[in-house]
Amino acid sequence: MSDSGQSPGQGSRMLNVPSQSFPAPSSQQRVASGGRSKVPLKQGRSLMDWIRLSKSGKDLTGLKGRLIDVTEEELKKHNKKEDCWICIRGFVYNVSSYMEFHPGGEDELMRAAGSDGTDLFDQVHRWVNYESMLKECLVGRMAVKPAIPKGLLPKSQMTDISTKEGPSSPSYDWFQTDSLVTIVIYTKQKDIHLDSIIIDHQNDSFRAETIIKDYSYLIHIGLSHEVQEDFSVQVVENVGKIEIVLKKTENISWKCLGHPLEKHNSLIPKKDTGLYYRKCQLISKEDVTHDTKLFCLMLPPSTHLQVPIGQHVYLKLTITGTEIVKPYTPVFDSLLSEFKEPVLPNNKYIYFLIKIYPAGLFTPELDHLQIGDFVPVSNPEGNFKISKLQEVEDLFLLAAGTGFTPMVKILKYALINVPSLRKVKLMFFNKTEDDIIWRSQLEKLAFEDERFDVEYVLSAPTSEWKGKQGHISPALLSEFLNRSSEKSKVLLCICGPTPFTEQGIKLLHDLNFSKDEIHSFTA
Ligand code: FAD
Ligand code: NAP
């Protein structure tokens, strides 16, 4: 596959990589002291073990490297654990040898045994690069495609989707002066901002993806003439008009804008679009705690991308010949107001707080990157809506470990942009004091802004620790969640290891907070 990837979903786990439910149910990370559930680790079944097996030269398809055309009748026959074929986007894989490595378990994978698993796969993890992970399991193509994968619909059907379910059809136009070419996108929506549009211009391929509600409108053109690397983007918010101004390399008149490329002028549900990646350069890497670092990546000059608050992106690395993709949540370079104007010009840099797990698959590789190296970064994903913060009076943030990352932008945005805000409280769960990310910044912010307060809870403190200890519990929450007034508008955000988040949500419901008042960040 090209630059398109796949995306996360919820619930079941097919062809998953461990990070979806991190730590994986079987992970040693969960084997914590303190009586919480422990699942014995199956030795030799990590993603790295799978990569090793798949590269070992073993015949994983049973076809000795031959590729065949698979009929539907043939596919149906391979529906047992020891002989399991699955079709994804018209390609058939023999996943029998992968069964034991699948973090979601064999039963999840068996749901698609002997059939077309494309929809099931897309629901759960559109972003997992199965082509790379299952390369050695490829049996062949379907002789007749079992279904047209979503996102590759003929244009007539796309228009159908847009008129029946989606926003009213966007359109585009272009005009030129001697030196400039302006592309105008009419979204016909009012809630369009600079982070609604993602532009990538590489060689002569120009790609502008506009997120309109849960849909993606794509302009994808092979430009007829050369333009300069940099361009400007403006959004006229009250009419939902986007203007992209390109600078011609030569002052000549263009007869046409260019030729249409894949999915040009299409409006498709966002969940059905592939993820687009662009290579970003590692600019700096700073220690934040003993195991967490602040990474700064620079976008290419010909990219416009702003990651919306509460959303994450995927980073992609090739590890032992297999493309691995993991999600990370961009943060600001700092929490403090004196750094509000970043040292580096804004919008070209993306910052990440990333914990390095010495025995992990992805983060040690990330840590080994040298300044100047490139990492592919995807388009943003996530379901947090900034409108949730509108008129909020009390904002409660519950974060465990790197679950702090989505809170960074939410916290800063709320303090600066939500006039109704009276109180923001962060309850930050960590193992030890040394694990607390940006502790001095948090304390400085609490000192500077009386609306903000932070409380740490440690699960494995030293004997000197005088603060709160333990894990998320009804007692801790009921003490922490005191509203500024009985009927104040509240938003609770929670993020951390999946079992922490799940337990937290349950406790919040028990404390009578409604679904609308809670936002959980999950895979
Ligand atoms: P993994 O290989 O997943 O391993 C992590 C740990 O688990 C290691 O200690 C390893 O020894 C152990 N382990 C792995 N497999 C097994 C196994 N089979 N059995 C037992 N133990 C095992 N993280 C951040 O640091 N910053 C972020 O901003 C961030 N944002 C995220 C956003 C989202 C939406 C999600 C879902 C996750 C986010 N994460 C973030 C987590 C991140 O995606 C990775 O899961 C994390 O970096 C670990 O990756 P890894 O490959 O290095 O570790
Ligand atoms: P960690 O240091 O292992 O744990 C942080 C705290 O959470 C510790 O006090 C830990 O207690 C506690 N904890 C762990 N599991 C728990 C459970 N089942 N119940 C109650 N408390 C629990 O955390 P980390 O290594 O930084 O991991 C952060 C997690 O956040 C990762 O899983 C990552 O995928 C996730 N994350 C998700 C997003 C998102 O948007 N979805 C964003 C960023 C991070 P113990 O000492 O007892 O373990």
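These exercises work through aromatic rings and the charges over them in a predicted model.

**Exercise 1.** Classify the ring pair formed by W50 and F101, and say where its two residues sit in the chain.

*Solution.* Start with the total: the model holds 10 aromatic pairs. In the pair of W50 and F101, the centres are 5.3 Å apart and the planes make an angle of 55 degrees.
Next, place the residues. W50 belongs to helix 1 (residues 47-54). F101 lies in the loop between strand 5 (91-94) and helix 3 (106-110). The two are 51 residues apart, and their pair links distant parts of the chain.
Then check burial: both W50 and F101 are buried.

**Exercise 2.** Which geometry do the rings of F121 and Y130 adopt, and why?

*Solution.* The ring centres of F121 and Y130 are 4.9 Å apart. Pairing requires centres within 6.5 Å. The planes stand at 75 degrees, so this pair is edge-to-face.
Now accessibility. The cut-off for buried is under 20% relative accessible area. F121 has 0% relative accessibility, so F121 is buried. Y130 has a relative accessible area of 2% and is buried.

**Exercise 3.** Name the residues that ring pairs link into a cluster with Y98.

*Solution.* Ring pairs join Y98 to a cluster with W50 and F101.

**Exercise 4.** Which rings lie under K316 and K409?

*Solution.* Take K316: its charged end sits over the ring of Y277, 4.1 Å from the centre. Then take K409: it lies over the face of F332, 5.7 Å from the ring centre.

How values were computed: Residues numbered from 1 in each chain as written. Chains lettered and ligands numbered in written order. Predicted model: local features only at pLDDT ≥ 70, side-chain atom pairs only at ≥ 80, totals over all residues. Heavy atoms only, no water. Phe/Tyr/Trp six-rings, centres within 6.5 Å; stacked < 30°, edge-to-face > 60°. Helix = DSSP H or I, 4+ residues; strand = E, 2+ residues; numbered from the N terminus. Buried < 20%, exposed > 50% of the residue type's maximum accessible area, 1.4 Å probe, protein only. Lys NZ or Arg CZ within 6 Å of the ring centre and 35° of its normal.
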